[in-house]
Amino acid sequence: MALNDRDYMRSSGTQPEMSGKKMLWILIAINVVAYIFRLNQHTFALQMFNGSLPVMKIYQIVTAGFMHGDFSHLLFNMWGLWLFGSMVSPHLNGKKMLILYLSGVVVGNLLFILFNLNTAGLCTLLGASGAVCAFMTAAATLEPEQRMVIIFMPFTPIKTPTLVLCYTAMEVIFELFGQEKGVAHLAHLGGFLSGYIVMRICFGGALPWDPFRKLFQKKSGSSFREKKENSYSSSKSTDNSRVSQKELDDLLDKLSNYGINSLSPHELERLKKARRQMRGEE
C-alpha cells in the first residue's frame, strides 16, 4: 500500500477532523463567555453544591467545569489550560481534546462530591481546575522531556513528569491536613487520575512516560510498547539499503497507530529515505 493510498493521506468529501489546537481555543472561549454571563441568575443552576446531590441535575457535573467565581480564578485556569493544552494538542484531535477536558471535569467533580456528602455547610464547586490537571498529566505523559520554570518551586526548570508528581503530592498533603480552605483538592486529584486513564486508553504502552508502566507489563518483563516495536523490527534494513514497500507499510502503520514519538531515530531516517525515493531523488 503506497503512502497516498492510506485513508489518513487521501482527500475525501467528508469534513476533516477538528484539530486539537482549534478545540483548545474553543474550550477557552466557552469558559470566558460563561464568566462574562456569570451574574445572570440562570447561571447558578449550572454550578454544583456539595449539599445539593439529592436534587442535583446531571448536567451540573459538566457545566460546573466551565464556571468560575472571579477573574483571577478564570485567568489562572485558562493560563494553565493553554499552557498544557498547547503541549497536548499536537498529539490529539479535537474530539480527544474535548474528551480529555470533560473527563477531568466529571471525574474531579464526582470525586469531590462523593467525599463531601456529609460535610457541614454548603460548598460551591465550580471551575476548570480538574480539566487543567487532566491536561497536566497528558502533557507529562506525551512530552516528558519538556522543561518548565515554576516560580514557587526552588529547583527549576523541571520536567513535566516531575511537576505533575510534585503537584500531586502537594494536593494529597493539602487534602489530608486541611490546608488551603476553599480549594477542591480532591477535584484536582480526580483530574490527574482521569488524564492518565484517557492517555492510557488513547496510546496504551506507547506513552513516552507512564508512571504505572510496570503494572501493565507481563511476567516476561517486556512492555506492550516494546512488543509492538519489536513486531516492526523484522522489516528493518541497513541505512544504505533501499526501503521496500513492506518496510514502508510497517513504518506508516506504526506512525498511524502510535504517533511520531514511537519511531526510533533509525526508523525516522528510513521514512525520510522512502520519501526521497518517491520523489526520485535516490
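Predicted model: local features only at pLDDT ≥ 70, side-chain atom pairs only at ≥ 80, totals over all residues.

Trainee: Where is Glu-17 placed?

Mentor: Glu-17 sits in the segment before α1. Its C-alpha atom is 6.9 Å from that of Asn-93, although 76 residues separate Glu-17 and Asn-93 in sequence.

Trainee: How many helices and strands does the protein chain have?

Mentor: The protein chain has ten helices and four strands. Read from the N terminus, the order is α-β-α-α-α-β-α-β-β-α-α-α-α-α.

Trainee: What can be said about contacts between residues at least 6 apart in sequence?

Mentor: Of those contacts in the protein chain, 68% join residues at least 24 apart. As for burial, 42% of the 282 residues count as buried.

Trainee: How do I read burial for a single residue? Is Ala-34 buried or exposed?

Mentor: Buried means under 20% relative accessible area. Ala-34 has 16% relative accessibility, so Ala-34 counts as buried. Ala-34 belongs to helix α1 and touches Phe-66 and Met-67, leaving aside residues up to four places away in sequence.

Trainee: How do I check the length of a helix? What should α3 span?

Mentor: Count 1.5 Å a residue: the 18 residues of α3 should span 26 Å, and the end C-alpha atoms are 25 Å apart, which agrees. The 19 residues of α7 should span 27 Å, and the end C-alpha atoms of α7 are 27 Å apart, so this helix agrees too.

Trainee: Which residues of α3 are buried?

Mentor: An α-helix has 3.6 residues a turn, so residues three or four places apart point the same way. Look for that spacing as you read the list. The buried residues of α3 are Leu-74, Asn-77, Met-78, Gly-80, Leu-81, Leu-83, Phe-84, Gly-85, Met-87 and Val-88. Their cover includes α1, α4, α5, β3 and α6.

Trainee: How many residues of α7 are buried?

Mentor: In α7, 15 of the 19 residues are buried, and the helix is mostly covered. After α7 comes Gly-204, with a positive phi near 60°.

Trainee: What should I look for where two helices pack?

Mentor: Look at the angle, the distance between axes, the handedness and the residues that meet. For α5 and α6 the angle is about 145° and the axes are 8 Å apart. Their crossing is left-handed. Met-136, Thr-137, Ala-139 and Ala-140 of α5 meet Thr-160, Pro-161, Leu-163, Val-164 and Tyr-167 of α6. By class, this contact has seven nonpolar, two polar and no charged residues.

Trainee: At what angle do α6 and α7 pack?

Mentor: Helices α6 and α7 also pack at about 145°, with axes 9 Å apart, and the crossing is left-handed. From α6 the contact includes Val-164, Tyr-167 and Glu-171, and from α7 it includes His-185, Leu-189 and Phe-192. Here the classes are seven nonpolar, three polar and two charged residues.

Trainee: What is the general idea behind a nonpolar core?

Mentor: In soluble globular proteins, nonpolar side chains tend to be buried together. In this model the largest nonpolar core has 47 residues, and those with the most contacts inside it are Leu-81, Phe-84, Val-88, Leu-100, Tyr-101, Phe-135 and Met-199. Helices α1, α3, α4, α5, α6 and α7 each supply at least two residues of this core. The largest share, ten residues, comes from α5.

Trainee: What does Met-199 touch?

Mentor: Leaving aside residues up to four places away in sequence, Met-199 touches Leu-92, Leu-100, Ala-138, Thr-141, Leu-142, Gly-204 and Leu-207.

Key
Residues numbered from 1 in each chain as written. Heavy atoms only, no water. Axes fitted to C-alpha atoms, helices over the stretch in contact; angles between N-to-C directions. Left-handed = near helix turned anticlockwise from the far one by under 90°. Contact = heavy atoms within 4.5 Å. Nonpolar A, V, L, I, M, F, W, Y, C, P; charged D, E, K, R; others polar. Expected span 1.5 Å × (residues − 1). Buried < 20%, exposed > 50% of the residue type's maximum accessible area, 1.4 Å probe, protein only. Core = buried A, V, L, I, M, F, W, Y, C linked by side-chain atoms within 4.5 Å.
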